[in-house]
Amino acid sequence: MIQKRNYIYLLALTAVFFYAPLAYSQTAPVKTEAAPAKTENRSKLFQETATDSDYLMAIEKAGEVLESAHNDTEFDANSHHLFGEIKRTQSKLDLILLSIKGANPNVRNQQMYRIVLKEIEQELDEQNTAINSRNLALEKIKDRVIDLRKDKTLMGLLTDTIKRKQFKKEFANLKDRYLSTDSLMTKNQGILNNNKRLTVERKIAVSNALIAVDNKLEQSGISILKREYPVLWSTSDSTAKKIEGQNIKAKIVIEQSVASYYLSYKAGALISLLLLMGILGWYIARNLKYLKNNGHAKNLSQFNFKYLNKGVIIPVAVIALNIAVVSNLYAPAMFIELVQLCLLGLLTFLFRKDWSSVAIRNWMFLLVLFFILCFLDLFIAVGFIQRCAFIVINILGIRYGFVQIKTLKDQLYIKGFFKWATIIFIGLNVLALLNNVFGRVSLANMLSLTAFISLTQIVALSVFLKIILEIILLQIYTTRVKRGIEKIFDFESLSDTLKKPFIIVISYMWIVVIAANLNIWESLRDGLNALLSHPNTIGSITFTLGNIVLFFIIIWLAHLLQNYVAYFFGEVDDENEENINKRQHSKLLITRLVVLISGYLLAVAASGMPLDKLSILLGALGVGVGLGLQSVVNNFVSGIILIFDKPIQIGDVINIASESGRVKSMGLRTTKINSANGAEIIIPNGNLLSQNITNWTYTDNFKLVEIAAEVSGEIMPEEINALILESLESMDLVNNAKPPHIYYTAIADGKFKLQIKFWCSIYRTEETISSARQVLYSNFKAKGLALST
């Protein structure tokens, strides 16, 4: 109908442009005598108001309209991109429809099909909307051409035979443009309508496929708790013969096609993961190369590295495969099981030299059982032999959980989770065995696979955590070496501190993997989403639990980041550093402040709290400040002033009131000072700004010290001066860039009292004075002189 209507419009427009004058000349003689006079008068009046210039401008305007219509009718880059997307969607749909027909109808494959089909359905909706918008654009272009009939000058020219002959050449050009635009518009409308028809057909195919997949999932969900097969001792031999006749090769080909399709479907995400892991590997290799080139690589052995000292590729691959397992929960069975086997193979390579022979042998036995289990699940049809094989594996798994698994626990970095992993492994194997015996085969197979995956995955996540911590320690040590600090820091306590938030992450990853393999993750997630998104009302305030949880999670992450951001700059709370980078500490404090403020603002935005309610809360907070929070706010504002004004910085040696010591840390509320006797003094920031502060290291880290000495013997003052200067110049602890000063307080025959002043590091004042006394005493004694200090 659309094409027919457009065709009628175009025919009418052609008649208006090119045949109106002819119709006018043929019908004029039939009219009465009065009519020609009237028409003649109109023509003369029209000719008197329109000139050749007006006609040329009207023709030019019509030509511009037709030219712009032709240009706008052309498909742009976005349209060609749309057609490419339509072709890619067709290819994806053809592949998945082919896979649905012959693939193994297990739950994992069906879940993958449903997710992919829903995404294709959404893509088709978007493509259909885009096609409609382009059809609408073409209709608007036609309206612009039809609007030319409203131009009286152009219409008068078309009805005037003499003038039309005068502008014959211009009309010929106008006609060519019109025909070209008409042809292009017809062609492009045909392309759009053809693509629209294809998208509608594909939507119907997707809808039918979704119904089929949902039916299979519903049937599997209903039958998974029912007895699908006879009890094991009642299984007939015909089932065994049927199993023997299965074509394993054909099943392998089908599963390969399903896995290949998923790889092409997830190609973008997998390439992004590979790129990210490539950057991580390059970063680790760069740090290792820097330490090796500067002679510090041997110090890495003191950090008890287990994996980074074996190269970069395998540890990075272990991280990538762990992420791949968690990020592809609805991958087909063959894909996810191959990823698991590859991950376990890499772990075996890492374990081969560090683990005991007994532990390695038990680990290899676990891998063999897992491999056989995967092969039976993918390529062997359900029958007596397959069920018996599963039962044997379950029995061996139960024995493994009680006897052999103990040898693995001592080799792992985190041992707490292994106890729960063992309980789950044994329990699921017991349940799988019982369900298999009594005919619930699908449930038994699922439980068996989940049991082995839960155990192997906790081992993989333990290695994942250790590699992450080793990467962080490597970063900290490399940064410190670049700053000239070669001392090994307390990495064990630091690892324990860093380990806590990562344990939460790997716990989540482990639970998600177990729930996905038990086919309950989607239900758990939907239930949790429903609980968290349910609106709750208290008075006039409406909120959801999800917003509250998100608020506290963002606050927790903000505090976590501001606590741990220093580690990436090589800061590990080392109080004995002399060459502390104060500028870096200032940047660090500002970074922490920005992280905290951004975190709180983001948390408030994520909580969905209305601004009017927030203003009420701020008003209540203002009242609280006025009543009892003055000191808290004073300390907070003072902390911000200290950060930006920088009267003191971390590492400075200061005196304030009766307290003195070295600034250890600066927060938004308090500042910590380490005194000389080892005490930690916590001073509110408001007190720091309200009192006089003596900062010994505001400009540099050097202090002028003094030694009172008495020299006895036959010697001249000039010789004493030279001997003292020579002694001080030989000492590394003395800052000889600033010249020392020698003052005589008393001179008598053979006796000299003097004061020796020189510069040294304020962090090693007592050590430098002691060494200077020893050197001076030795040098004067060598000259036969007596020196007392």
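Reader: In which helix of the chain is confidence highest?
Author: Confidence is given as pLDDT, the predictor's score for each residue from 0 to 100, and helices (H or I, at least four residues) and strands (E, at least two) are DSSP runs numbered from the N terminus. The lowest mean, 41, belongs to helix H1 (residues 2-27), whereas the highest, 92, belongs to residues 313-327, helix H12.

Reader: What is the mean pLDDT of the chain?
Author: This is a predicted model, in which local features need pLDDT of at least 70 and side-chain atom pairs count only at 80 or more, while totals for chains, interfaces and linings use all residues. Residues are numbered from 1 along each chain as its sequence is written, and side-chain values use heavy atoms, with hydrogens and water left out. In the chain, 81% of residues reach 70 or more, and the mean is 78.

Reader: What is the angle at which H14 and H18 pack?
Author: Contact means heavy atoms within 4.5 Å, and Trp363 and Phe370 of H14 are among the residues that make it, with Phe452 and Val459 among those of H18. Axes are lines fitted to C-alpha atoms, for helices over the stretch in contact, and angles run from 0 to 180 degrees between N-to-C directions. The axes of H14 (residues 357-379) and H18 lie 11 Å apart, and the angle is about 145°.

Reader: How far does helix H11 reach from its first C-alpha to its last?
Author: The expected span of a helix is 1.5 Å times one less than its number of residues. H11 (residues 267-293) has 27 residues, so 39 Å is expected. The reach in the model is close to that, at 38 Å.

Reader: Why is Lys664 called partly exposed?
Author: Lys664 sits in strand E4 (residues 659-666). Lys664 is classed as partly exposed because its relative accessible area is 22%.

Notes: Buried means under 20% relative accessible area, exposed over 50%, partly exposed in between (1.4 Å probe, protein chains only).
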